[in-house]
Amino acid sequence: MRKKLLTLLVAGSCLLGAPQAQADEYQMAPGDKLSITVLGHEDLSTSLTPNSYYVVRPDGKVSFPLIGEIDTAGMNIEEFTKTLQANLAEYLVAPQVTVNIAELGTTRVYVLGEVNKPGLYELTKSHNVLDAIGVANGFTKDAAKKKVFLVRSNHEGEPIKVNLNDILKKADLTQNYKLGEGDLLYLTSNGRIDFSRDVMPFISGAYMIDRINNDD
C-alpha cells in the first residue's frame, strides 16, 4: 500500500516537469501567458507585437478587447477558445480564433511540517495539494495523513482540514484543493504539532493555532 501511495505522489510531481500543457487536460491558471490570434484582425492578436501576450490575472480572468473579461476558472484551452470565439461572434463575422499557452503561470506555496523537504515552492501546470506534497518529496513516515491543513494566503476563514488517506485510498479528489499564490500546506505529525513555531512566521491569527491544536 505504501508503494502505491508513493507512486501516486511521484506521478503528481512528475506532471510539474511537463514542458507544455495539453489543451484537453490542463486547466488554465493565474499567470498563464496566452498567445491569441484572431484571423484577419491583427489588432486583436498578440502576433502584432513581439513578446506580447494576454495574461490570466490573479483573479483568474482575462481582459480582451470588445468583449471585456472572461473568467477562465475550470477551463482548458479548448473551452476558453470556444468561449472567446462565441463572444467575438457578437461583434465579428465568423471569427476564427487560435489560442496557445506561451508560458505557464506559477503559483508559490509553502509546504511545511512532515514532508521530506519543507520550503517555498513554485508550482507549474497543476497547483493542487498532491502537487505541492510531490514537489516537497512526499510526506514522512511520521506524517498524520488525516490531519493536513491548508491555510489560505488571505487568512480568511479557518484552516481547511485535508485527509490525505481519503484522497489516496478512496480517490476523493474533492479534497485535492487547488492552491493559490502564498497558500500554506502544513502536514502535522502523529504527535502534538508545534504549529506556532513552524507556521506562525508565515501567517497571522492566533485563532488558527487554537483551532488546529484543539482539533479532534
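1. Contacts of lysine 145. Setting aside neighbours within four places in sequence, lysine 145 is in contact with Phe139, Val162, Asn163, Leu164 and Asn165. Contact means heavy atoms within 4.5 Å. The residue sits in strand β8 (residues 143-151). Lysine 145 is partly exposed, at a relative accessible area of 22%. The classes are buried (under 20% relative accessible area), exposed (over 50%) and partly exposed (in between), with a 1.4 Å probe and protein chains only. Threonine 188 is 43 residues from lysine 145 in sequence, yet their C-alpha atoms are 7.7 Å apart in space.

2. Basis of the model. This is a predicted model, in which local features need pLDDT of at least 70 and side-chain atom pairs count only at pLDDT 80 or more, while totals for chains, interfaces and linings use all residues. Residues are numbered from 1 along each chain as its sequence is written, and side-chain values use heavy atoms, with hydrogens and water left out.

3. Confidence. pLDDT is the predictor's confidence in each residue, from 0 to 100. The chain has a mean pLDDT of 81, and 75% of its residues reach 70 or more. Among the elements, α2 has the highest mean (97) and helix α1 (residues 2-14) the lowest (40). Over residues 1-23 the pLDDT is below 50; this stretch has 27 contacts in the model beyond near neighbours in sequence. Read those contacts with that pLDDT in view.

4. Overall make-up. The chain has six helices and 10 strands. Helices (H or I, at least four residues) and strands (E, at least two) are DSSP runs, numbered from the N terminus. Of the 216 residues in the chain, 42% are buried. Among contacts between residues at least 6 apart in sequence, 56% join residues at least 24 apart. The chain exposes about 11,500 Å², of which carbon and sulfur atoms supply 49%. Areas come from the Shrake-Rupley method with a 1.4 Å probe; for residues, only the protein chains shown count as cover.

5. The five-stranded sheet. This open sheet has the order β7-β6-β10-β8-β9, with mixed pairing. β7 and β9 (160-162) stand at the edges with a single partner strand each, so one side of each has no neighbour in the sheet. The twist averages 25° from one strand to the next. Axes are lines fitted to C-alpha atoms, for helices over the stretch in contact, and angles run from 0 to 180 degrees between N-to-C directions. Two strands pair if DSSP finds at least two bridges between them.

6. Strand β6 and its partners. β6 (residues 106-113) pairs with β7 in the antiparallel sense over six bridges. A hairpin of five residues joins the two strands. Threonine 106 stands opposite threonine 124 in β7, and tyrosine 110 has leucine 120 as its bridge partner there. With β10 (residues 184-189), β6 runs parallel, joined by four bridges. Here the bridge partner of valine 111 is leucine 185.

7. Asparagine 128. This residue lies in the loop between β7 (119-124) and α3 (129-135). Asparagine 128 is buried, with a relative accessible area of 18%. Beyond neighbours within four places in sequence, asparagine 128 is in contact with Leu123, Asn176, Tyr177, Lys178 and Leu179.

8. The three-stranded sheet. A second open sheet has the order β2-β1-β5, with antiparallel pairing. β2 (54-55) and β5 (97-103) stand at the edges, each with a single partner strand, so one side of each lacks a neighbour in the sheet. Strand β1 (residues 33-38) is joined to β5 by six bridges. Isoleucine 36 stands opposite valine 99 in β5. Helix α2 (residues 77-88) packs on the sheet and touches β1 and β5; its direction makes about 135° with that of β5.

9. Nonpolar cores. A nonpolar core is a set of buried Ala, Val, Leu, Ile, Met, Phe, Trp, Tyr and Cys residues joined through side-chain atoms within 4.5 Å. The largest has 23 residues, of which Leu34, Ile36, Val38, Phe64, Phe80, Leu84 and Leu88 touch the most other members. The elements giving two or more residues to this core are β1, β3 (61-64), α2 and β5. α2 supplies the largest share, four residues. Apart from this core lies another, of 22 residues, among them Leu130, Ala143, Leu168 and Leu187.
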